[in-house]
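The following exercises are meant for a reader who meets this structure for the first time. Each one sets a task and is followed by a solution in steps.

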Amino acid sequence: MIRYITGRIFQAIPVLLILITVTFFMLRFVPGGPFTAEKAITPEVLRNLEAHYGMDKPLLNQYLSYMGNLLFHGDFGPSFKYSNRTVNEIIAQKLPVSLELGAWSLAVALFLGLSLGILASLKPNSWLDYIPSTISMVGICLPTFVLGPLLVLFCSIKMGWFNASGWFDPIDRVLPALTLGGYYAAYIARLTRGGMREVLSQDFIRTARAKGASETRVILKHSLKGGLLPVVSFLGPAVAGIISGSFVIETIFQVPGLGREFVNSAFNRDYTLVLGTVILYATLIIVFNLLVDIVQVWLNPKLKFE
Amino acid sequence: MRFLYSLSIILFFSVFITGCKNRTTNVEAGIRDQILHLGNGTEPQDLDPHTVTGVPEHHILMALFEGLVTPDPVDLHPVPGVAKNWDISEDGLLYTFHLNKNAKWSNGDPVTAEDFRLSYKRMLTPSLASEYAYMLHYVVGAKEYNLGELTDFNQVGFRAIDPHTFQVTLKQPTPFFLNLLVHPSWWPVHIPTVEKFGGLERKGTQWTRPENLVGNGPFTLKEWKFSQKIIVEKSPTYWDRDQVKLHQIHFYPIESQETEERMFRSGQLHKTNEIPLSKIDVYRRDHPELLHIDPYLGIYFYRINTTIPPLDKPKVRRALALAIDRDSLVTNVLKGGQQSALSFTPPNTAGYIPKAQLKGGSDEARKLLAEAGYPNGEGFPTVELLYNTSESHKIIAEVIQEMWSTNLNIQAELVNQEWKVYLDSQDTLSFQICRAGWIADYVDPHVFLEIFVTDGGNNDTGWSNQEYDSLLEEALAQSDQAKRYEVYQRMEKILMDELPIIPIYVYTRPYLLHPSVKGHYPTKLDNHPYKYIYLEADSSE
């Protein structure tokens, strides 16, 4: 297993290097730069600004010095847009917020998704199946940018239970986590139901029931592990998505997470911040996919590390 | 299983019960404690008055710093700031400012003439690369020093005569000079603080962090929660502290107008930065007392690339300009109280009312197009109309496309580009017609008319007119207001005859404001000096 993991890590390194290189050069060939503004700046000021950020040197030199700082010092450089902050600092401030939002959302997604999914699988084609399945179908179809404002409209503006937006008190976590988690819960519910249905129809479940095992035991002990397989393979990209793809949620709820920077930095041509977030998310996706593969082997005895 | 469910139900309700605890909203608590909650657009780049360029930054800096003069809350005319009064020489070239001896930095240091001199030196230092340094170029030697042609700052027209007397020598009379001084590029910074954190010539240093920043404005920086909010608190050292009634101001960087509107509705904000277009009608109908539409000194217009046929013909450009029914656009599409623009400088900019106006309707437009060789639009190539990707620009472009098609029988193709790509296209003249906007930094017609000087950085039309260029110089040299405005009238006339641009409408600034906010007046630059603002529960409520 150790060999497998080290092997995967060694595979990831060239992937990351290629990604950084491609992103670095692609950014520079996009029209407009960090200093392009509606009120044009004079050529003299532009030259001085470029000198300040080391952009007066040939592109290849800039690339080498960026890579040097990154690899040897872990330094992502200064942000172009937020001139008194470094990219490291921005990530250090915003990543924990994204992780926290992600954790709450994941908790909501798993709790709601698994409960609904299991419930639906118990008595297929009965009301106990139709209701949770309908809820999850609606959840899948309802985009977060609709669900979010709806929740705000009811819970904050009408009932006054929560702030409409912001990330100040613990209670401010509720609506964003419900919105983001709700969306993934819907998928998880569908996947759980499918997975459970498949396992519940197998011979060993009949054996367990014949043995006299209680229904709770049949479900929790015998079927859940196998029934969750499709959920687990979905979770890898989903977790990366929950953490990085929360742009919409962060905008609707004013959450100071990294998802917004991931998108806005590209619009601002904040070269260093784009690279920083790209590298971070790429690493996250690689790590989560690896974790998922490990968990899958653990859950499914038919698989082995190779 | 059952245990899990009961647990979840308990959790769910406990969350609701904590939520239900008779919550006081920001707005209510704010009225009680004099804390103003403001929506403020985007997260500021920095809080250094010499290096930032954006409007959200300006809104915060207004609380933290103060220049020689400050804007009046009602009409923004310059009133005493750090300078308690000033003398202007006969020829209008020498300004002597007498500084208020009570003016202090937030650490207790007095604000001196030398602070101003060194601040302006910093502003003009080439390696600081300040984008607004040109605001100081009206001073003798300033431009040369800024471009690195002059290295001795003593030759630049700033003199600290004594700690409380500061002199500025201008190149030309520049009658709007005092109006310039309300712009952040003219505000002082605390030299020892800036020096302590990396020096005067470096941008983006740590001196603007809350624990370090020393300012001289009515408020001090208390907290900066990145991407969440900025809190400023009443300064105990500010010279006019008795006038300041607010205890704190909280600035929220909210990029989404919809989010901001919901925050306002749930009582989190006293004032929004903007309001979604789609909500204007709703508020006008249901809550007219909350909706404010202020005049805003800015113009929405189309730039024409005058270097390519057939747009190089003034008659063609005039036909395009006349074929637009601005009143219909403003009343049926924009609905935000905007004014049709028939000249480039918005009417009544510091008392200047442009006489040269676009006259004539679609009949005149058709006639002109025929005279230019395209009767009934025949043979006229499809023109490309470029705008930056945005729903509102798109709607306007579609309406104008339709008007050109109906009135002139010519076809326009709409092209949209992402913001920076669009700016790049505009800058490199890679367009035929493109949408543009210009917001004034200070109240004077000069702000608008200087744009179209030959090869000006913001000209972006390829248009050039020698008479226009020399008139601009003449205006700067003219110290008599009426005579100067006469020169601007002549420039406006040239601009309206040649039309390298198509004026469309004069901006307004719609936003939502809670009735408890007092001392807040509609001003043309969206500047609302905070020292005059206070909160008072509405008696009618």
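## Exercise 1: The interface of the two chains

A:Arg269 forms a salt bridge with B:Glu418, and the closest N and O atoms are 2.6 Å apart. The model is a predicted one.

**Task.** Determine how many salt bridges and how many residue pairs in polar contact the rule finds across the interface of chain A and chain B, and describe the side of chain A that touches chain B.

**Solution.** 

Step 1. Across the interface of chain A and chain B, three salt bridges are found by the rule. The rule also finds 21 residue pairs in polar contact there, both residues being at pLDDT 80 or more.

Step 2. The elements of chain A that give two or more residues to the side touching chain B are helix 2 (43-52), helix 4 (87-122), helix 6 (144-158), helix 11 (247-253) and helix 12 (258-268). Helix 4 of chain A supplies the largest share of that side, seven residues.

Step 3. By residue type, the side of chain A that touches chain B divides into 27 nonpolar, 17 polar and ten charged residues.

Step 4. In terms of contact, 54 residues of chain A meet 56 residues of chain B. The two chains bury about 5,000 Å² between them, with 57% of it on carbon and sulfur atoms. In chain A, the residues that lose the most area to chain B are A:Glu38, A:Lys39 and A:Asn84, together 15% of what that side buries.

## Exercise 2: A helix and a strand of chain B

**Task.** State which residues of helix 14 of chain B are buried, and against which elements they pack. Then decide whether B:Asn388 counts as buried or exposed.

**Solution.** 

Step 1. Helix 14 of chain B covers residues 419-427, and its buried residues are B:Lys420, B:Tyr422, B:Leu423, B:Ser425 and B:Gln426.

Step 2. These buried residues pack against helix 12 of chain A, together with strand 11 (291-304), strand 13, strand 14 (412-417) and strand 15 (433-439) of chain B. Just after helix 14 of chain B comes B:Leu429, with a positive phi of about 55 degrees.

Step 3. Strand 13 of chain B (residues 383-388) contains B:Asn388. The relative accessibility of B:Asn388 is 8%, so this residue counts as buried, the cut-off being under 20%.

Step 4. Leaving aside neighbours within four places in sequence, B:Asn388 is in contact with B:His393, B:Gln417, B:Trp419, B:Tyr422 and B:Arg435. The C-alpha atoms of B:Asn388 and B:Trp419 are separated by 5.3 Å, although the two residues are 31 residues apart along the chain. With the side chain of B:Arg435, the side chain of B:Asn388 makes a polar contact at 2.9 Å.

## Exercise 3: Cores and backbone angles

**Task.** Find how many residues the largest nonpolar core has, and say where B:Asp526 is placed.

**Solution.** 

Step 1. The largest nonpolar core has 116 residues, and those with the most contacts inside it are B:Phe97, B:Phe158, B:Trp186, B:Tyr302, B:Phe344 and B:Trp404. Apart from this core lies another, of 70 residues, including A:Val87, A:Val278, B:Ala63 and B:Ala129.

Step 2. B:Asp526 is in the loop between strand 17 (517-518) and strand 18 (534-535) of chain B. B:Asp526 is not a glycine, yet has a positive phi of about 60 degrees. With a relative accessible area of 3%, B:Asp526 is buried.

Step 3. B:Pro309 and B:Pro310 are joined by a cis peptide bond, with omega about 0 degrees. B:Pro310 is placed in the loop between strand 11 and helix 10 (314-322) of chain B.

How values were computed:
Residues numbered from 1 in each chain as written. Chains lettered and ligands numbered in written order. Heavy atoms only, no water. Helix = DSSP H or I, 4+ residues; strand = E, 2+ residues; numbered from the N terminus. Buried < 20%, exposed > 50% of the residue type's maximum accessible area, 1.4 Å probe, protein only. Contact = heavy atoms within 4.5 Å. Polar contact = N/O pair within 3.5 Å; in protein donor to acceptor, adjacent residues only side chain to side chain. Core = buried A, V, L, I, M, F, W, Y, C linked by side-chain atoms within 4.5 Å. Buried area = accessible area lost by both parts, 1.4 Å probe. Salt bridge = Lys/Arg side-chain N within 4 Å of Asp/Glu carboxyl O. Nonpolar A, V, L, I, M, F, W, Y, C, P; charged D, E, K, R; others polar.
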